Amino acid sequence: MLPLDEGENNIANRKKGGQAVPKSNLISPFSHLWVEMAEALEKLSRKLSGDLQLDELSRRIYATDASAYREIPKGVALPKTEKDLVSLVKFARKNKISLIPRTAGTSLAGQVVGSGLVVDFSKYMNGILELNQTKGWVRVQPGVIRDELNHHLKQYGLFFAPETSTANRAMIGGMLGNNSCGANSIVYGSTRDHVLGIRAVLSDGSIVNFSPKGPKKLKKKLKDSGDLENWIYRKIHKRLSDPEVRKEIHDKYPKSSVSRRNTGYGIDLLVQRQPFNPEGEPFSLIDILAGSEGTLAMTSEIKLKLTPLPPQNKALICIHFEDLYDSLEATVMAMEFRPTACELMDHYILERTKNNILQRENRFFVQGNPKAILVIELCKESPEELERDVEDLISRLKEEGLGRDYPVVMGEQMSRVWELRKAGLGLLSNIPGDSKPVPVIEDTAVDVKDLPQYIREFNALLKQKGLYSVHYAHAGAGELHLRPILNLKTSEGQKMFREVLDEVSTLVKKYRGSLSGEHGDGRLRGEFIPRMIGKKNYDLLKEIKQTWDPKNIFNPGKIVETPPMNSSLRFEKDQLTPEIKTTFDFSDTQGMIRATEQCNGSGDCRKLAYTGGTMCPSYMATRDEKDTTRARANALREYLSFPNGKGDSEQVKRALDLCLSCKGCKSECPSNVDMAKLKAEWEQQEYNKNGAPLSSMIIANLPSLFSFGNRIYLLANLLTQVRPFSSLSKLLLGFSQSRSIPPISGQTLWAWFKKNQSENEKGKNGRVFFLFDEFTNTLDVQQGKAAIKLLWGLGYKVLGIGPMNTGRSLISKGFINKARRIAERNIHRIYTRRSEFDVIVGLEPSAILSFRDEYLSFTRGKTREKAESLAEITFTLEEFFSEEFHSGRISNSDFDNCNGKVFFHGHCHQKALSSPKYTKQMLSLVPGLEIEEIRSGCCGMAGSFGYSRKKFDLSQKIGELVLFPAVRKAKNNDIIVAAGTSCRHQIKDGTGRQAFHPAEVLLKHLKSEYPG
């Protein structure tokens, strides 16, 4: 056999019916495989209706999950149908290759990491197939997102109850594989408790429907028919019919009072069923399949039991403690009140929320700096009953001397508390440096009554090793997520990684707890299962695996026969982190590479548009893992840590290509991964080595063309507005022919301002430095005039020092060396006039907010100090008016009454660095105006992104997710508002509606006169 690189071109060029085979991405094919395997995979790609990705980028971004592990697969399959699954199983069996099922890829024990083919259900197999409202069940494919399912079910008064902290991206297939629980498990149990049926492909390619079997149906399944399904039933039934086997299970498995016990396969539950327990429920292999992590079969459909929506009378008691152990004692007591959730956050978690833009807003209920907060949710049938129980619980806590503050949160604010709690996993990764809270013993569960003493012994054990841990999550279920701080880049850290699990597993066994409560065994905890349940029971698990999967094709090395738990880690032993000289300041993360390592794989970037978030717009539209912030961080980390030349650079380019630099990740990623910043830095590094594309240089320098275009605006508009000249211009610029180009004004805003500025302005309300940025000054002159007239009319003196290129276009295209020089010049120009004004205000969010974002990261030393002082007084117009209203300098009485309705869309940079709430507050100055925020993410334009010929269709697809439909639903007399110039342009091109800046709306209803 020849290595593939000697024959791969011939394979890559083969045709099917005269056409090239596109599905297998043969552009960069098979360099990791032998010729025979390459040919087999090519044949497989022809059979699949879905996709088969064998390129280097796909393999590397699927090499990790949310765990500490990394293993590069041979490829990634994205099946569309059950028939595809059968083809994959038969291929794996014939070619002795493993299949690793994956949905959201947020596993913490390495469940979806392996060297075979990753089978990703998330893109295509995500349909809700059938709903029976009367009987209360739904049939779904594995890739359906839990929250998306409940969003659909809400109209019927039903929901799927288990709620993981990752519920806005966790998929039903993954929840089944891990037997996920969530915050409300103390009431609703685990996923297994809600599964009525599973349709799956067995290892021989046969399709089987699993459901509870009464005596007659079970007897039929136990007949020797020669089928693998019947063999499975007979084998398991025979082994569990042995009283000694059942006794061993009863004696060695975690005790039944531990509600979260997910160690090994669920045979401890199966022996409680008929026929082994005559009083039990009918025999069901669902007990084994749930929590089996894809090691036994390939699931194609899941039938779920639904639950009526709970009463809406809810309250959260957020009890503050100065002692962690007091919070655990309070947990035991609180369980007497039958809460629907009882969740803990310790001070390490709370401290991390201070540095996260989004989560800072959610700290509204936190008082001081407590050592722990216990969030207890009570849900009752009537408001009176709820009020009584809240008062009784707080009284009991005070009587026992437990807690110091007891804020009660109700209504819409409750969701903000839960958002803070759910962000815990991601927040842990934004600790600077190489030492991180590591998922290793984060899933231990004990009887809730044992929890206080167990945690005392646990912390004493860590203290002996010079370690400490974070504590958070499901206190009410006896399971705290415990993460010791370790440096897995060092030999000592990897050694300690194993030692901690080794010793903690012994401690858990002492309490007859479960080493895995809800996160699964995977490859992390598998080798300690014999200790937890005894060798005989472990041998039975291996026998079950062999019965179901004799060829070992389904996710091998998980649960049983696992490799050493400290092998195939994401970092090599004593791995050095290269130091890279950067234009941006990455000192807060100790370098650019460590900034990429902030991403722990928790997958917050995989949420969809219906959630109302911004991150990540291209993924929302494509549902391709490649287009997540996580994938981009992984690609950058791989390239920067292990550079192998031009090939890797091209892979990173592909990964970053559809990043809109919207900055949604800067605020919404709990790990604070700022992909826009990383992308711009990477592009500059590439330009330094290889030069910059002409098209990028033109786009980056468009503000200079705008400025020149003002002088020859008639000719400029002829070239951009009139065919065929406009078509040629778009062709030369690489713009889509379907995209309009905004006309250039014949008069700049600055020229108008100098002509109309009143020398006698007193500025009774203050002095405002107005930023004549490159967009407002040349393209959005009308909006700029409205803003300045509004400021004049409300009694403000408006100052300026001329047109100012903020460098925004340069930053967006990666020319940050030049942007940095512009930023430093702007800072010095404005700072020299600092005594003349009170605040800096700008109209275009991406331009004005650069002073609070990139400018701080560009600068060092004395210039940084100047930048910081300016950043403190820099505001968007909306922020400024909101502050002025609250200070009493302006009021509703300054404006005429209006009976209209406004729908407003927030700019991405506003959402990331400010808040849309300020837009609402500014518009609220007009009495009687009804205001509704469009719960859209990115509009899809993102500066030059939406102009690109190659990206126009995606830009429109992003707009169609939420924004365009919402605008189209608005009545003709409703007002559409958007602060960003790109957003207004996108709305016009996508819907035909004109969108206004908030300043235009306020000016129309301003009572006072204004100059100009």
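**Reading charged contacts in a predicted model**

Me: Asp434 has a relative accessible area of 21%. Which class does that put Asp434 in, buried or partly exposed?

Reply: Happy to walk through it, keeping in mind that this is a predicted model. Buried means under 20% relative accessible area and exposed means over 50%, with partly exposed in between. Asp434 is therefore partly exposed at 21%.

Me: Which residue forms a salt bridge with Asp434?

Reply: The general idea is to look for a side-chain nitrogen of Lys or Arg within 4 Å of a carboxyl oxygen of Asp or Glu. Here the partner of Asp434 is Lys489, with the closest N and O atoms 2.9 Å apart. The two are 55 residues apart: Asp434 sits in the loop between helix 18 and strand 18, and Lys489 in the loop between strand 20 and helix 20. Lys489 has a relative accessible area of 3%, so Lys489 is buried.

Me: Are both Arg273 and Asp287 buried or exposed?

Reply: Both are buried, and their side chains meet in a salt bridge at 2.5 Å, N to O. Arg273 is in the loop between helix 11 and helix 12, while Asp287 is in helix 12, 14 residues apart.

Me: What does the salt bridge of Glu499 and Lys465 tie together?

Reply: These side chains meet at 3.2 Å, N to O. Glu499 lies in helix 20 and Lys465 in the loop between helix 19 and strand 19, so the pair ties together parts 34 residues apart in sequence. Glu499 is partly exposed, at 23%.

Me: Which residues do salt bridges with shared partners join into one network?

Reply: Lys663, Lys666, Asp674, Arg808, Asp853 and Glu854. The count for this model comes to 73 salt bridges.

Note on methods
Residues numbered from 1 in each chain as written. Predicted model: local features only at pLDDT ≥ 70, side-chain atom pairs only at ≥ 80, totals over all residues. Heavy atoms only, no water. Helix = DSSP H or I, 4+ residues; strand = E, 2+ residues; numbered from the N terminus. Buried < 20%, exposed > 50% of the residue type's maximum accessible area, 1.4 Å probe, protein only.
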